Amino acid sequence: MQTTRASAPPSADPAHGPVALPKKRVDALDVLRGLVMVLMLLDHTREFVHRDAPLFDAANLDRTTVALFFTRWVTHFCAPIFVLLAGTSVALQLRRGKSKAELSRFLISRGFWLVVLEFTIVRLGIAFDLDYGAFPGMLQVICAIGVSMIVLAAFVHLPVAAAGAVGVAIIALHNLADPIVVQGWGGPGTPGPDALGTLWMVLHQPGFILLFGAPALVAYPLLPWLGVMLAGYALGGVYGWEPARRQRFLARLGLAMVVGFVLLRATNVYGNPSPFTAQKDAAFTVLSFLNTNKYPPSLLFVLMTLGPALLALAWLERVPRGRVGRVLVTFGRVPLFFYVLQWFVAHAMGLGLSLAAGRPTAHLFGFPGGTPPQPGAGFGLGVTYLAWAAGVALTYPLCRWYAGVKQRRTEWWFSYL
């Protein structure tokens, strides 16, 4: 599965001798990234197509169903894997010969570019309007990645172990700050948090802040995601190891994280703001066990999602790619292009289906959740999954085309797209 080519001179692995550095893209990383991107489209299609998406959180055990819960839960893997592999990709750029000074400059400029994208093109795909006075935008995963890249620009000048240690410490310890809660913006006529409270929310507490006098949603508080990116950057070092050693390490670390998740969750000692509890039946008790906190990502959320991700990376190196793998590689090689595109595709699916069926569409414009859906809006899970499949079919040829363009062109600005 992995595609590598020797780079002269080879690196020295003190324990195992010289090994070849990855010169080409690593297929296993692209396959996994492509898989979670396709799942991301499922989540966003659900948000615009499913009738209950504007009404309640699909993980709300008081209102959800098992099918709806798992439709949402499986997409929990997207953001942490996306951020982890963004960090790993930075490490691979160093290993391919980019100097630390060059990489640092690139991370700063690309980080700022991602933040701009979040509040312009991505915001348009989410809201389908340009009324910044009502809704400046949301601090989502692209913004979190952008700011994390800017911070990582400093860490590339330090030992990799330092970045890894800080990243793991943030992931493991940030839940100690859960009791620190500030009052966010509560709606029209209420004040927003002060400057210090706004900073805290941007760093660790989701909710609404006021941005230039208008409400903006902090969906992805920055601090825990920075921890994941730093850990991903440190993980990139294993792609200088010989394959068998790397696969053993990824499998053992992934298994340890899964076991750690199960043990910590079972004891309810630490790692998630809310404990799991016995529910009305065994199925919903299992849902409670899996229902960890994403906003911000708790320690248990990270263990639950990235443990299986590391197991998958070890496995993907050993299996033939196949037709599905080739499709996923195509998606995985154009992550930013796909991310921006899929917002417009998912939103257009919801709008187009509603117009075709003669159903209300007012809730599909502007501030997410700002306009409650009218009776009869939206569709069931069956239509949602069909719309998702159609979205995958639509985005694939566009991603394949763009991947070809990006491979043929050498202009510097393609590295920003």
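Student: How do you know that the length of helix α6 (residues 141–155) agrees with what a helix should span?

Tutor: Helices here are DSSP runs of H or I with at least four residues, strands are runs of E with at least two, and both are numbered from the N terminus. The expected span is 1.5 Å times one less than the number of residues, so the 15 residues of α6 should span 21 Å, and the end C-alpha atoms, 20 Å apart, agree with that. This is a predicted model, in which local features need pLDDT of at least 70 and side-chain atom pairs count only at pLDDT 80 or more, while totals for chains, interfaces and linings use all residues. Residues are numbered from 1 along each chain as its sequence is written, and side-chain values use heavy atoms, with hydrogens and water left out.

Student: What makes α6 mostly covered?

Tutor: Eleven of the 15 residues of α6 are buried, where buried means under 20% relative accessible area, exposed over 50%, and partly exposed in between, with a 1.4 Å probe and protein chains only. Among the buried residues are Val-141, Met-149 and Phe-155, and the elements they pack against, by contact of heavy atoms within 4.5 Å, include α3 (78–95) and α14 (335–357).

Student: Why is the pair of Trp-185 and Phe-208 called edge-to-face?

Tutor: Rings of Phe, Tyr and Trp (its six-membered ring) pair if their centres lie within 6.5 Å, and planes under 30 degrees apart count as stacked, over 60 as edge-to-face and the rest as tilted. The structure holds 19 aromatic pairs. In the pair of Trp-185 and Phe-208, the centres are 6.0 Å apart and the planes 70 degrees apart, which makes the pair edge-to-face. Trp-185 lies in the loop between α7 and α8 (195–203) and Phe-208 in strand β4, so the pair ties together parts that are 23 residues apart in sequence.

Student: Which of these two residues is buried, and which is partly exposed?

Tutor: Trp-185, with a relative accessible area of 18%, is buried, whereas Phe-208, with 26%, is partly exposed.
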